[in-house]
Amino acid sequence: MAHAIGLDIGSYSIKVSFLKEKAGKYILQNIGVADISEEPIDTLEPEKKNVLIQETLKRLIVEAGIKSKDVAISLSGDQVIARYIKLPYMTREELKGVIRYEAEQYIPFPIEQVVLDFHILGEVTDDGQKKIEVLLVAVKEDIVNYYIKLLESVGLNTVLIDIDTMALHNSFDANYEKKEGETVAIINMGAKFTNLSLIDEGFTRFSRDIPIGGIALTNDIAREFNLGFSESEKLKREHGGIIIESENVILTRIPSKEDKKVRIYSCISNTLGKLVVEIRRAFDFYESSSKKRNIGRVFLCGGTAKLQNMDKFVAERLKIPVEMHNPFNGIEIEKKDDPAFIEKVKQYSSLLPVSIGLAVRKIK
Ligand SMILES: Nc1ncnc2c1ncn2[C@@H]1O[C@H](COP(=O)(O)OP(=O)(O)OP(=O)(O)O)[C@@H](O)[C@H]1O
Ligand SMILES: [Mg+2]
């Protein structure tokens, strides 16, 4: 069974991973990460944006020594509609026959223009009636065609299209043991979006893409320091961080108003606050809906999770244990004796869960 290259084209950076499978174990072959542009790509002309994505892809293919042409990609945010619905009990085959008809009421545009997929999550009894819980996923056909063409233009063949939240779940399954009866959250803090998935009994039962991420933080810094986007981005990566009140750094040292770190933290804290409120709201909604369990652990990933102390901040605000989602926790690394490669893996590990989640999918 073969594996495609896991290709995560985000709104700020592109991530690739590829692995092979040997005796039931995954072995990482190579990775590659590159920013598409210094500016957020949504602010660019569509043509310019396409050229930048093509150039970045070509560079990554060479850098990561990619020989295969088959790629698995994923979509998120406003590109995807995901709905959790309940339907009268039926088999998978039966559902296949009626899914387009059933989906129509959940999709805000003509059903002829979408590509549909579904997953049966489980069976429930509701008011004495046997029902199935179904995750419905819809993507507009023109978005699918856009990516297929774009990848074709750099010699790549799209063999699988997934959604970020599902890819995150697959990376989690490949890397962590399930604990009986535990619900976990995976929070992928990207540039434009923060993807949130709740996994319970082996299924993603809730997912949401919150439209807050690293671009919003960089914009806060640009406003505060009166700088352009790319300078603000640099400032964020070099000096950005969250000042945790429970840490005594702030108590032993009175910060001056000019202290960059303090100034950055104070200008991004409003946006960070909004983000955790959205996360808390999603958790509350899930936990309060019938029979759903409390969220026991949070796994963080994404470029924005690299902001210093983000894990501590989320743990403190949500009052839930937080750890970084390590996409190589259960994956062997082929070049484990190459210190430069190991360093690269460490540096980029929080950016790679989506692409690893795509790379572990089997293709025929
Ligand atoms: N060291 C760092 N400190 C703070 N932020 C960082 C750091 N490194 C990267 N980022 C931020 O991470 C973001 C990119 O992360 P990621 O690659 O996960 O997003 P993306 O997949 O491109 O976006 P999206 O998923 O929203 O479409 C950028 O906003 C960038 O500023
Ligand atoms: Mg992303």
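**Notebook: a cavity, the cysteines and a sheet**

I searched the whole structure, a predicted model, and found one cavity of 30 Å³ or more.

I listed Ile5, Leu7, Val16, Leu57, Leu60, Ile61, Ile66, Val71 and Leu156. I sorted the lining by class and got nine nonpolar residues, no polar ones and no charged ones. I then asked which elements each supply at least two residues of the lining. They are β2 (5-9) and α1 (46-63). The largest share, three residues, comes from α1.

I turned to the cysteines. A disulfide is a covalent bond between the sulfur atoms of two cysteines. I counted zero disulfides in the structure.

Last, I looked at a sheet. Strands of a sheet pair through backbone hydrogen bonds, either parallel or antiparallel. This one is an open sheet of five strands, and I wrote down the order β12-β11-β10-β13-β14, with mixed pairing. Its edge strands are β12 (203-210) and β14 (322-324), each of which pairs on one side only. Neighbouring strands of the sheet are turned by 20 degrees against each other on average, direction ignored.

I followed one pair in detail. β13 (residues 295-301) pairs with β14 in the parallel sense, over three bridges. For Leu300, I found the bridge partner in β14 to be Met324.

Definitions and conventions: Residues are numbered from 1 along each chain as its sequence is written. Chains are lettered from A and ligands numbered from 1 in the order in which they are written. This is a predicted model: local features need pLDDT of at least 70, side-chain atom pairs count only at pLDDT 80 or more; totals for chains, interfaces and linings use all residues. Side-chain values use heavy atoms; hydrogens and water are left out. On a 1 Å grid over the protein atoms alone, a cavity is a set of points where a 1.4 Å probe fits but cannot get out, and a pocket is an open set with protein on both sides within 12 Å along at least five of seven lines; lining residues have an atom within 4 Å of a point. Grid points are joined across faces, edges and corners, and a volume is the space filled by probe spheres set on the points. Helices (H or I, at least four residues) and strands (E, at least two) are DSSP runs, numbered from the N terminus. Ala, Val, Leu, Ile, Met, Phe, Trp, Tyr, Cys and Pro count as nonpolar, Asp, Glu, Lys and Arg as charged, and the others, Gly among them, as polar. A disulfide is a pair of cysteine sulfur atoms within 2.5 Å. Two strands pair if DSSP finds at least two bridges between them. Axes are lines fitted to C-alpha atoms, for helices over the stretch in contact, and angles run from 0 to 180 degrees between N-to-C directions.
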